[in-house]
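Here are my notebook entries from a look through this structure.

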Amino acid sequence: MSDDLDLTDPVLASEAELAFEGALRPKSLGEFVGQTRVRGQLQLLLTAATLQQRTPDHILLAGPPGLGKTTLAMIVAHEGGRPLRMSSGPAIQHAGDLAAILSSLVPGEVLFIDEIHRMARSAEEMLYLAMEDFRIDIMVGKGAGATSVPLDLSPFTLVGATTRAGLLPNPLRDRFGFTAHLEFYDEAELEQVLARAGTMLGLDADKEALAEIAGRCRGTPRIANRLLRRVRDYALVHGERADLAAVRAALELYDVDPLGLDRLDRAVMEMILTRFGGGPVGLNTLAVSVGEEAETIEAVVEPFLVRIGLITRTPRGRMATPAAWRHFGLAAHAPDTAAALPIDDL
Ligand SMILES: Nc1ncnc2c1ncn2[C@@H]1O[C@H](COP(=O)(O)OP(=O)(O)OP(=O)(O)O)[C@@H](O)[C@H]1O
């Protein structure tokens, strides 16, 4: 997902910061924090391919934005000393767009397609054969005289990334040798991400300051790094150390609440709680009500709200939990059933 569309980010990034974000990317699996299971699985897959002197199997990376999908694709290429070609689903709107990319790959190249679920259907079908047999069929001519000419491709590894694995057609999903589901990071892992970024920024930050940021970044390394830069700005301008007080003041200034909810998260929650009495409310109704696309609500907002226990998904729609009523200071208005349920500590 491109950064100007990154709705998970409560504090927008400048071009310089995007460049810095690139510089922060871990270059090897050893440097990549968290996702222990996925890292182990990827390591095995890459090592086996090296031992057998073949290109690694195709890899699908699924999960919300900012959890490290692009970073992992770069690592797959880097660890195997392979060139990397980057593209994205929205840029492949015709089979011809894909044919041009595939036919110019060099042997062993890693092809990264971000947002692969947004690729044109005709291109998807071309990809099936390319992934399986390293071959595509090019149509020459039109109408009754059209013929298909096979074109051999160099062996390559496709790394697809998606925030919506469920939208991929089964034939495409089945052609990936390995699917990694990236999870939100826990606070200890985010502290490691922040400590590493802090060192690279030359920022003198307390452990408790980093822990505070880690608790407010939606379980997402990209947001952790951006909040850290806002804290750095605050400390710089106020001539202070990046301690707990500076973190709290900076994050309050940028409207990042104690759970790390951003503007869109809050809009969704307030809509469910106040307009729909806590739900259930259907995805499309909710999306229209907050003026956002259903896909963004489902792929970006909802996974985090479910994870921290503010909403549940039911067959009839999304429902606020008792914890949500309490977090928004509306417990007194909660329906009886919700108020009566035990409220977990967030
Ligand atoms: N495991 C990690 N360890 C350290 N830093 C990380 C990790 N994962 C992500 N990051 C940092 O977060 C930033 C965002 O990661 P990345 O661009 O790979 O996410 P993404 O899942 O591809 O997001 P999108 O779907 O929006 O493209 C990177 O610049 C990197 O610095």
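**Entry 1: a pair of strands.** I am working with a predicted model. I began with strand β1 (residues 59–62), which pairs with β7 in the parallel sense over four bridges. I found A62 standing opposite H181 in β7.

**Entry 2: the whole sheet.** Next I looked up where this pair belongs. The sheet is open and has five strands in the order β2-β3-β6-β1-β7, with parallel pairing. Which strands stand at the edges? They are β2 (84–88) and β7 (178–181); each has a single partner strand, so one side of each is left without a neighbour in the sheet. On average, neighbouring strands here are turned by 15° against each other, direction ignored. I also noted that helix α3 (residues 69–79) packs on the sheet and touches β1, β2, β3 (110–114) and β6 (157–162). The direction of α3 makes about 170° with that of β6.

**Entry 3: two annotated arginines.** I then turned to the record. An unreviewed UniProt entry carries the annotation "binding site" for R313 and R318. I located R313 in strand β8 (residues 311–314) and R318 in strand β9 (residues 317–320).

Is R318 buried or exposed? It has 27 C-beta neighbours inside 10 Å, and 20 or more are needed, so R318 counts as buried. R313 has 15 such neighbours, so R313 counts as partly exposed.

Last, I checked contacts, leaving aside residues up to four places away in sequence. R313 touches V306 and R318. The contacts of R318 include I272, G279, P280 and L286, as well as R313.

How values were computed: Residues are numbered from 1 along each chain as its sequence is written. This is a predicted model: local features need pLDDT of at least 70, side-chain atom pairs count only at pLDDT 80 or more; totals for chains, interfaces and linings use all residues. UniProt positions are given in the numbering used here, feature names are shortened, and annotations may be inferred rather than shown by experiment. Helices (H or I, at least four residues) and strands (E, at least two) are DSSP runs, numbered from the N terminus. A residue is buried if 20 or more other C-beta atoms lie within 10 Å of its own, exposed if 12 or fewer, and partly exposed in between; C-beta atoms are placed from the backbone. Two residues are in contact if their C-beta atoms, placed from the backbone, lie within 7 Å. Two strands pair if DSSP finds at least two bridges between them. Axes are lines fitted to C-alpha atoms, for helices over the stretch in contact, and angles run from 0 to 180 degrees between N-to-C directions.
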